[in-house]
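The entries below go link by link.

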Amino acid sequence: MIRYTSATTGGGGKGNVTPVGNWTPPACWYEPRSAEEFSKYVENMYDETVNTPGQHSYAKASVGMFRDQYKDGKYKNYNLDEKGEGSWWVAVRDEDRWTEPEAQLCDKQPFWVENGAAPPVENAVTPQVLAELAYNRIQLPTTEVTLAPEATTKVNLPTWAWLDKARFKEVSVTAALNVGGLNIQATTTAKPVSLKLEPGTPDAETYPASGECTINDDGSIGEPYAKGKANQNPPCGIRYLRSSGDGTFKLQATVTWEITWTGTGNPNPTQLPNGTFGNDQDVTVQEIQSVNR
C-alpha cells in the first residue's frame, strides 16, 4: 500500500490544491501487493460475500470464480510458494473519483509480476505517479488576507492587502511504496509564488493593475499598512470605486503555488502543474466624500 506523510502547514484552515489547467492526478493506477496481502484480501472478500445474509447468488458465484482463479485455477494458492520472487499487481481507484470515466481505465484483473520485471500496463505506479498522487493530498493554508482598513473601507480609498510570511511556507507530501522488489518514493512540494486579488465587482482597481501580487524575498506577500502611508498606493491592494450599499463585495484571494517533485531516480526538482487555493471574504465599502486617515 502507498503510504503518505505530509509536512505541517501554517495555522488556520486547510484545503486541497487545485491544478492550473486541465491536468489532474491519476484517477486509477496499478500497484503491487505481497502474496500474503493478496491472499488475505481475496479470502476476506470471499467470506464476506458468501456469508452476507440476502446476498444475490450472482455475487456469490462471481466472487467464487475470482477466488478459484488465484487459489486453484490459473495460479496455485496465490503464489505463496513464490512470495519472495514477485508480487501481485492490482488496480486501485481514487476513492473520491471512482465514478469518473478515467477511473475505469484500470480494468485489468490482478496479475503476477516477478521482481525486477516491468508490469505490462500503462498505469503502473512509478516515482512520478507517486508524485502526482501526493499532489492530490497537499493541504494548503486558507488565503484570508489582512486588510487596512480592516472592517470597512471607503470609496476611492486604497485598501492595503498582505499575507503573513509565517503562514505561507513550503508544503510537502511524500508518497512511498515498499512491496516485494519495489521500493520507491517521491516528495511533492508546493511553494507559494503569488497572490491574485479579485475585488468582487468590476467597479474597482487593483494594485498592481494585474491584481497579481508577487511573493517577497522574505516569503510574505504585499506590505502591511503603516501610519504615514495614507497618500501612497499599496504594492498589493484594491481601490473600490463605488459603495457596496447594504451588502458586501466578495473579495477573492487566491494564492498560486509552484509545485515540483523529487524522488527515486529523480533527485532534481521537476515541475508539475502549478496549483491554486483561495477563498472569499466579505468587504464592506462605504461612500464617504472626505476621509481623515
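Entry one. I looked at the torsion about the S-S bond of Cys28 and Cys106; the value is about 80°, so this disulfide is right-handed. The model is a predicted one, and I keep that in mind for every value here. I then checked where the two partners sit. Cys28 lies in strand β4 (residues 28-33), while Cys106 lies in the loop between β5 (86-93) and β6 (111-114). They are 78 residues apart, and I noted that the pair links distant parts of the chain. The S to S distance between Cys28 and Cys106 is 2.1 Å.

Entry two. Are Cys28 and Cys106 buried or exposed? The cut-off for buried is under 20% relative accessible area. Cys28 has 2% relative accessibility, so Cys28 counts as buried. Cys106 has a relative accessible area of 1%, and therefore Cys106 is buried.

I went on to the link of Cys213 and Cys236, where the S to S distance is 2.1 Å. The angle about the S-S bond is 90°, and the link is right-handed. I found Cys213 in strand β14 (residues 212-214), and Cys236 in the loop between β15 (221-222) and β16 (237-240). I have Cys213 and Cys236 down as buried.

How many disulfides does the structure hold? I count 2. With the bonded cysteines of the chain numbered in sequence order, I wrote the pairing as 1-2, 3-4.

Technical notes: Residues are numbered from 1 along each chain as its sequence is written. This is a predicted model: local features need pLDDT of at least 70, side-chain atom pairs count only at pLDDT 80 or more; totals for chains, interfaces and linings use all residues. Side-chain values use heavy atoms; hydrogens and water are left out. A disulfide is a pair of cysteine sulfur atoms within 2.5 Å. Helices (H or I, at least four residues) and strands (E, at least two) are DSSP runs, numbered from the N terminus. Buried means under 20% relative accessible area, exposed over 50%, partly exposed in between (1.4 Å probe, protein chains only).
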